[in-house]
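Here are a few exercises to work through with the model open beside you. Try each task before you read its solution.

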Amino acid sequence: MLFSRALKTLPELLEGCLKNDRKCQELLYKQFYGYAMGVCMRYVPNREEALEVVNDGFLKIFQKVQMYDAEKPFKIWLRRIMINTALDHYRQNVKFQHNTDLSVAENTVAAADSDNIYSTLAHEDLIELIQQLTPSYRTVFNLYVIDGYSHEEIAQRLGISEGTSKSNLARARENLRVMLSKKKSNEYARVPR
């Protein structure tokens, strides 16, 4: 098998994308697909919606690649676009989703217990639990806890008050504690004695 050229570097891929080179776009997509999917999976309830957000995000990247500042890391720019695309997706779909809370357990889990649970939880399990949160709780939780936005920034991006952002974060954390507690008790119940 004869290769006409070695693998392209990121600057070469971006230069090709500026020229609407489909092969460069495909290679860039393949190179950063996993990273983009990881970002988007935190904002949507399932893999199908995450794929939709990733594809929309890459479309924006290809349309706005000239806006990328080569002095800064590409992954940071890509991450910002994926987050913004996920937020656009949230705003478009929020009116169609029901915001039902998980039923709150009678006994709340102590902070020390939740720290224990967090330390033994696999990344995939945590993402799965985050995806079970209502869209508004999930979005605020991700923006604040994982992506480092302030409540003021979240309020501006989502068109809500800072108080609503703080309330959604507190409820998201409580719901996660309840889910983690249930997960821990279910795993304990399955252990043979």
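Contact means heavy atoms within 4.5 Å, and buried means under 20% relative accessible area, with exposed over 50% and partly exposed in between (1.4 Å probe, protein chains only). This is a predicted model, where local features need pLDDT of at least 70, side-chain atom pairs count only at pLDDT 80 or more, and totals for chains, interfaces and linings use all residues. Residues are numbered from 1 along each chain as its sequence is written, and side-chain values use heavy atoms, with hydrogens and water left out.

**Exercise 1. Get your bearings: how many helices and strands does the protein have?**

Solution. Helices (H or I, at least four residues) and strands (E, at least two) are DSSP runs, numbered from the N terminus. Count them up and you get nine helices and zero strands. Now for burial: of the 193 residues, 37% are buried.

**Exercise 2. Find what the buried residues of H3 pack against.**

Solution. Start by picking out the buried residues of H3: Glu49, Ala50, Val53, Val54, Gly57, Phe58, Ile61 and Phe62. Then look at their partners, which are H1, H2 and H4.

**Exercise 3. Check the length of H4 against what its residue count predicts.**

Solution. The expected span of a helix is 1.5 Å times one less than its number of residues. H4 has 20 residues, so it should span 28 Å. Its end C-alpha atoms are 29 Å apart, which agrees.

**Exercise 4. Work out how H4 and H7 are arranged: roughly parallel or roughly antiparallel?**

Solution. First, the geometry: axes are lines fitted to C-alpha atoms, for helices over the stretch in contact, and angles run from 0 to 180 degrees between N-to-C directions. The axes of H4 (residues 74-93) and H7 (residues 135-146) come within 11 Å and cross at roughly 160°. Next, the cut-offs: under 35 degrees is roughly parallel, over 145 roughly antiparallel, 65 to 115 roughly perpendicular, and the rest oblique. H4 and H7 are therefore roughly antiparallel to each other. Last, the residues: H4 brings Arg79, Ile83, Leu87 and Tyr90 to the contact, while H7 brings Pro135, Ser136, Thr139, Leu143 and Ile146.

**Exercise 5. Zoom in on Thr139: is it buried or exposed?**

Solution. Thr139 sits in helix H7. Its relative accessible area is 1%, so Thr139 is buried. Setting aside neighbours within four places in sequence, Thr139 is in contact with Tyr43, Leu87, Tyr90 and Leu158.
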